[in-house]
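Q: Hi! I'm new to this one, could you walk me through it?

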Amino acid sequence: MATSAPHLSTEAQVGVYECAVTIKFRILEENGVIANRDRLLELLLDAYSYGSDEFVEPLEAQVEVSEVSEIAASPRMRRQLIRLRNLPVA
């Protein structure tokens, strides 16, 4: 799940955050699709993001976000953090 780097304003500060997302919903789907674990998360997130319809019934959603020390991030994330901080100010 790669995304492009956001355009940072002069006021922007970047950090490392730990996020936990819990979503609970009911979905009508074929058994074969649900059994394919490789695609299951992608399917569920797509269905949930489209919103409530006759196939998806949202029940609960919780999001927890907390900033963590940069040292807790992987070396790859730390390098990306340094790159973001070193972007020239537009």
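Predicted model: local features only at pLDDT ≥ 70, side-chain atom pairs only at ≥ 80, totals over all residues.

Q: Okay, and what share of the residues is buried?
A: Of the 90 residues in the chain, 10% are buried.

Q: Changing topic: how many helices and strands are there?
A: The chain has 3 helices and 2 strands.

Q: In what pattern do they follow along the sequence?
A: Reading along the sequence gives β-α-α-β-α.

Q: What about contacts, how much comes from residues 24 or more positions apart?
A: Among contacts with a separation of 6 or more, 75% are between residues 24 or more positions apart.

Q: Which elements give two or more residues to its lining?
A: Those are strand 1 (16–27) and helix 3 (75–85). Helix 3 provides the largest share of the lining, with 7 residues.

Q: Nice, which residues line the largest pocket?
A: V14, G15, V16 and Y17 are there, along with R76, M77, R79, Q80, L81, R83 and L84.

Q: And how many of those are nonpolar, polar or charged?
A: The lining of the largest pocket divides into 6 nonpolar, 2 polar and 3 charged residues.

Note on methods:
Residues numbered from 1 in each chain as written. Heavy atoms only, no water. 1 Å grid on protein atoms, 1.4 Å probe; cavity = no way out; pocket = protein on both sides within 12 Å on 5 of 7 lines; lining within 4 Å. Helix = DSSP H or I, 4+ residues; strand = E, 2+ residues; numbered from the N terminus. Nonpolar A, V, L, I, M, F, W, Y, C, P; charged D, E, K, R; others polar. Buried < 20%, exposed > 50% of the residue type's maximum accessible area, 1.4 Å probe, protein only. Contact = heavy atoms within 4.5 Å.
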